[in-house]
Amino acid sequence: MKKVAPFFALPIALVSFATPACAAIDNQTPTGLINGLIAEALSVAQNNDKVHAHQKLKALLAQYFQVDEIGESLVRRWKSQITPEQLTAYKAALPNFIINTYANRISDYSSAKLKIIRIIPAGDGAAVLSQVTKSGSDPVNVIWTLERTSQGYKVSNMTVGGINLLITQRADFDSVVEHKGFDSLIKMLQARAS
């Protein structure tokens, strides 16, 4: 079985999340959101110990990522087969799973730099094409998929180095459910959420 969420590690490291007390992020434009998230990532990684950085990341993940929509998309295939109780347990476990997966890896990318190459409007959202460089590593292309919400733009997906994170995570979740059942997916998320 594949490890779940290996590809979610890179994006969160590049996208810093800080508490609302930090500089406000202008998420009214795609450029403002991505540049603001990156600036906060560097600030959090460089100016906080791991515990405080983790706490700050939690607040911004909920604010600038479409966590609920991502979660719905990951298990859409199974919706007709799961109970309301299972769905409730899944929705309760998923945000902390994603937050912890991202936050635990941010320190690895404290020196990364991001350059926005192009913004492509797409319906009510946009795709932001960017390149991330880290000393000693080849540049990595990152496409941020953004949706416009009533609170401004939010990240709904990322493609990192040609790998679509939502599709990859969905395949990992599907594998767990197919081989062990939906309750096993919930237990895995709960175990990795702490």
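The legends below describe close-up views of a predicted model.

Local features are given where pLDDT is at least 70 and side-chain atom pairs count at pLDDT 80 or more, while totals for chains, interfaces and linings use all residues. Residues are numbered from 1 along each chain as its sequence is written, and side-chain values use heavy atoms, with hydrogens and water left out.

**Figure 1. Overview of the protein chain.**
The protein chain has seven helices and five strands. Helices are DSSP runs of H or I with at least four residues, strands are runs of E with at least two, and both are numbered from the N terminus. Read from the N terminus, the order of elements is α-α-α-α-α-β-β-β-β-β-α-α. Of the 194 residues, 47% are buried; buried means under 20% relative accessible area, exposed over 50%, and partly exposed in between, with a 1.4 Å probe and protein chains only. Contact means heavy atoms within 4.5 Å. Among contacts between residues at least 6 apart in sequence, 61% join residues at least 24 apart.

**Figure 2. The largest nonpolar core.**
A nonpolar core is a set of buried Ala, Val, Leu, Ile, Met, Phe, Trp, Tyr and Cys residues joined through side-chain atoms within 4.5 Å. The largest one holds 43 residues, and those touching the most other members are Leu 33, Tyr 90, Trp 144, Phe 173, Phe 182, Leu 185 and Leu 189. Helix α5 (residues 84-103) gives the most to this core, with seven residues. Not counting residues up to four places away in sequence, Leu 185 touches Val 75, Tyr 90, Phe 173, Val 176 and Val 177. In soluble globular proteins, nonpolar side chains tend to be buried together.

**Figure 3. Packing of α2 against α3.**
Axes are lines fitted to C-alpha atoms, for helices over the stretch in contact, and angles run from 0 to 180 degrees between N-to-C directions. α2 and helix α3 (residues 50-64) pack at about 170 degrees, with their axes 11 Å apart. The two helices are therefore roughly antiparallel to each other. Angles under 35 degrees count as roughly parallel, over 145 as roughly antiparallel, 65 to 115 as roughly perpendicular and the rest as oblique. On the α2 side are Leu 33, Leu 37, Glu 40 and Val 44, which meet Ala 53, Lys 56, Leu 57, Leu 60 and Tyr 64 in α3. By class, this contact has seven nonpolar, no polar and two charged residues. Ala, Val, Leu, Ile, Met, Phe, Trp, Tyr, Cys and Pro count as nonpolar, Asp, Glu, Lys and Arg as charged, and the others, Gly among them, as polar.

**Figure 4. Packing of α4 against α6.**
Helix α4 (residues 67-74) and helix α6 (residues 165-180) pack at an angle of about 50 degrees, and their axes are 9 Å apart. That angle makes α4 oblique to α6. Ile 70, Ser 73 and Leu 74 in α4 meet Leu 166, Gln 169, Arg 170, Phe 173 and Asp 174 in α6. The residues of this contact divide into four nonpolar, two polar and two charged.

**Figure 5. Packing of α6 against α7.**
Between α6 and helix α7 (residues 182-192) the angle is about 130 degrees, with the axes 7 Å apart. α6 is thus oblique to α7. Phe 173, Val 176, Val 177 and Lys 180 in α6 meet Phe 182, Ser 184, Leu 185, Met 188 and Leu 189 in α7. This contact has seven nonpolar residues, one polar and one charged.

**Figure 6. Surroundings of Asn 27.**
Asn 27 is found in the loop between α1 (9-14) and α2 (30-47). Asn 27 is buried, with a relative accessible area of 8%. Leaving aside neighbours within four places in sequence, Asn 27 is in contact with Leu 33, Tyr 64, Gln 151, Gly 152 and Tyr 153.

Ala 193 is found in the segment after α7 and counts as buried at 15% relative accessibility. Apart from neighbours within four places in sequence, Ala 193 is in contact with Ala 93, Asn 96, Phe 97 and Asn 100.
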